[in-house]
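Biologist: Please walk me through this model, one topic at a time.

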Number of protein chains: 2
Amino acid sequence: LLPARSAAALREDIDVLVVLPSNNSYLFSIARVEPAIEYALRRLRSDPGPYAGFAFNVRYENSGCGNEALFSVVDRSCGAKPDLILGPVCEYAAAQVVRLASHWDIPVLSAGALASGFSDKHREYSHLTRVAPSYLKMAETFSEMFKRFGWKDALLVFDDDKEERNCYFALEGVHGVLLAHDKIDVLDLHSRAYRVDAEEVIKHFYDSEVIIMCAGADIIRDIMLAAHRRRLTNGSKIFFNIELFNSSSYGNGSWWRGDKYDAEAKLAYAALNTVTLLRSVKAEFENFSIEVKKSTQKAGIYNHDDGENVNMFVEGFHDALLLYALALHEVMKNGFSKKDGAQITHRMWNRTFEGIAGQVSIDSNGDRNGDFSVMAMTDQEAGTFEVVMNYFGVNRTIQMLPGFNRERFTLKDRHRNTFPEHPNQSSG
Amino acid sequence: LLPARSAAALREDIDVLVVLPSNNSYLFSIARVEPAIEYALRRLRSDPGPYAGFAFNVRYENSGCGNEALFSVVDRSCGAKPDLILGPVCEYAAAQVVRLASHWDIPVLSAGALASGFSDKHREYSHLTRVAPSYLKMAETFSEMFKRFGWKDALLVFDDDKEERNCYFALEGVHGVLLAHDKIDVLDLHSRAYRVDAEEVIKHFYDSEVIIMCAGADIIRDIMLAAHRRRLTNGSKIFFNIELFNSSSYGNGSWWRGDKYDAEAKLAYAALNTVTLLRSVKAEFENFSIEVKKSTQKAGIYNHDDGENVNMFVEGFHDALLLYALALHEVMKNGFSKKDGAQITHRMWNRTFEGIAGQVSIDSNGDRNGDFSVMAMTDQEAGTFEVVMNYFGVNRTIQMLPGFNRERFTLKDRHRNTFPEHPNQSSG
């Protein structure tokens, strides 16, 4: 820790503009994220060391999920430009704001802007640092599994809402990563415009070994039921479901509905694996979770879907402030100021720091490395799921857990295909 | 004309921000368009009537063809917002500027922003008026021909440069208009990334009756030569080439190169029709053309490709100022001000006025109706082209000219298909 005098020398007022939706139907609405930012500010203020001298002046502006984001930033920045922008999350909102902020030399930190396009930091997105793992990072989990288990092709099934487009962008990432080595097909459900006919959907499954799906929980269940009825869940295919944002709004992996199909669905889901963010168990995170939940409940927001855990956006914006303070402190020690946005941005890249839920590692391109888990049904009687593998982005390794069962990730019909040179072998 | 006193009462300073590229490789660069705007300003100033009181203060800012456009507008508008924005032309530049201008209640007039997406004026593009015919208007020429000549399907061949994307957007318009009734296939050449193999391209021609192409002149020639060698130019297909912007940079319909293929190309081009903007012959336009060309030559810009005529962008931005002055005068008479952007915008819609090259008709959606010509080879000996049909957008009519030859627009094999119930008829 620095002596008090040195800290005082770094006293600085920092204008922060938080650009997030005011509509609480978004997992990253202002009211949901504000408690996390306030938590981080309290922590920075109480720090006896380098950050004590920073006085953050935070304004919250409604970004909506589209053009309003840019309008908010422009209208609020004409007089005095902010020193830091947090958000937006939605891709179309973020694209416009990040471009302008980069042009103005203002750092942007977001727990969103997860689409692959934002990875190109050489031009319009130069000042963007992503504090939550992007879709490309999630996709690495798949590419490592494809390598390890020898799978060769995949069908990507996604439900594109044509607005936020989370599933579209998520599978765009998977597509980008797998395409180099594997044969990839895609199927867009677009359930807002067309009724999803599960029987029709599974007709596309026959030509692929691995089915990777991103859609709402009910669509996934219909598809798995149809696949089960056509005996596609007997091991000839590997099924994946992607749970986005460690919130169960997307990709809820539960078969249970309390209807007459539950028994069948439980059988079907024995073949379904879910890829999700690795959950943290750090003690400090528990405290953070409790405080954030208290604040959002006080604000009258309660979403029973994500009652169990604080989602990755809330966590990410907390860590964003820590990371910015860390970098700002360093550039100021080196004679630069809060107005040197490019300097501050590059100080945030290629470094690891302690976030609220564990270590946060930002790669040399300014994107957070991601840790993901693969969950599978480990008790077929009870129909319960457990984490069977973890993927650690920082060193690209897969860890097998006790519940892991290799057979489950091995294609049954593959043996046949592997030895086509034995003409006498039965193909039955 | 109004009496002098009334005109004086309407005295008003108007800040105009022109957002166009400074790079003269664009047909609508600042240096190319500025003489047309100056010509219009002189005309308005010398008007003894309603416009005499308007003092236009015009600033020119570099839009580039992408994000710079927005940055220019934001950086230049923070202090005082302009009353009128002219440009941008490039689609990606225009989208960003028009959104922000609409949010700020500032009218935008452009001779570009031709893509179909800008037709939706209900939301983000509410303040956009298009003074040159959009790609959808050009596409009407095709839909009228399809109706009249009974064609049923088309293949759209376009060269997408993935930057300006003029051919992509042009054929997107054709696609949108034809799709309702006809079977449409598309073929993207993307010549920047892949060598165009004309032999491969024409393999896609066999299943379609009408081939509509948008690409550089040399690519069109290669394709027509290949089609001719495979006897596809014998009347079983109708070929179209789209000339964009009444500038020969796109879709130059000439077969001549001075190489050994000229004779063959002349034969091939006997089957090629070119759709282009209808050329004006108004006397005043000649004077305008000469003045504009003098100015651009004085500025050191000379492009022998468009030496013959002033392109539609230059013409459009001239007329844009007239239209704006007309509308502003009216809203001021009605007690509104230059700051009532939505009012001014709606006054410009659904009206006809006299532009520099002829009547300009703006439809009720704020988009200019377009008049187009179809050119065809009328002297096969000399290999020369003439206008054989005109399409008038305002009443959606086709006019046949003396050079028109119905056989040329009739599918040869169609007779066979029309009478499949005659089993004895020879199919030879």
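Modeller: Helices (H or I, at least four residues) and strands (E, at least two) are DSSP runs, numbered from the N terminus. The model is a predicted one, in which local features need pLDDT of at least 70 and side-chain atom pairs count only at pLDDT 80 or more, while totals for chains, interfaces and linings use all residues. Residues are numbered from 1 along each chain as its sequence is written, chains are lettered from A and ligands numbered from 1 in the order in which they are written, and side-chain values use heavy atoms, without hydrogens and water.

Biologist: How many residues are in contact between the chains?

Modeller: In chain A, 12 residues are in contact with 12 residues of chain B, where contact means heavy atoms within 4.5 Å. Because 100% of the interface residues of chain A are also interface residues in chain B, the copies meet through the same surface.

Biologist: What area is buried there, and how many salt bridges cross the interface?

Modeller: About 1,200 Å² is buried between chain A and chain B, and carbon and sulfur atoms give 63% of that area. Buried area is the accessible area (1.4 Å probe) that two parts lose on being put together, summed over both.

Biologist: Next, helix 3 of chain A: how many of its residues are buried?

Modeller: Seven of the 10 residues of helix 3 (residues 68-77) of chain A are buried, so the helix is largely enclosed by the rest of the structure. Buried means under 20% relative accessible area, exposed over 50%, and partly exposed in between (1.4 Å probe, protein chains only). Among the buried residues are Phe71(A), Val74(A) and Ser77(A).

Biologist: What covers them?

Modeller: The cover includes strand 1 (12-20), strand 2 (54-62), strand 3 and helix 4 of chain A, and also helix 3 (68-77) and helix 4 of chain B.

Biologist: What about helix 4 of chain B: how many of its residues are buried?

Modeller: Helix 4 of chain B is mostly covered, with 11 of its 13 residues buried. Its buried residues include Glu91(B), Gln96(B) and Arg99(B). This helix, residues 91-103, reaches 18 Å from its first C-alpha to its last, close to the expected 18 Å; the expected span is 1.5 Å times one less than the number of residues.

Biologist: Where are the cis peptide bonds?

Modeller: One joins Gly87(A) and Pro88(A), with omega about -10°. In chain B, the bond from Gly87(B) to Pro88(B) is cis, with omega near -10°. Pro88(A) lies in the loop between strand 3 (84-86) and helix 4 (91-103) of chain A.

Biologist: Which residues of chain B have a positive phi although they are not glycine?

Modeller: Arg165(B) is one of them, at about 65°; Arg396(B) is another, at about 50°. Most residues other than glycine have a negative phi. Arg165(B) lies in the loop between strand 6 (153-158) and helix 6 (166-178) of chain B, and Arg396(B) in the loop between strand 14 (384-392) and strand 15 (397-400).

Biologist: Is Arg165(B) buried or exposed? And Arg396(B)?

Modeller: Arg165(B) counts as buried, at 15% relative accessibility, whereas Arg396(B) is partly exposed, with a relative accessible area of 45%.

Biologist: Where does Arg130(B) lie?

Modeller: Arg130(B) lies in strand 5 (residues 128-130) of chain B and is buried, with a relative accessible area of 0%. Leaving aside neighbours within four places in sequence, its contacts include Phe118(B), Ile362(B) and Asp367(B). The C-alpha atoms of Arg130(B) and Asp363(B) are separated by 9.7 Å, although the two are 233 residues apart along the chain.

Biologist: Finally, how many residues has the largest nonpolar core?

Modeller: That core has 235 residues, and Ile212(A) is one of those with the most contacts inside it. A nonpolar core is a set of buried Ala, Val, Leu, Ile, Met, Phe, Trp, Tyr and Cys residues joined through side-chain atoms within 4.5 Å. Not counting residues up to four places away in sequence, Ile212(A) touches Phe142(A), Leu171(A) and Phe240(A), among others.
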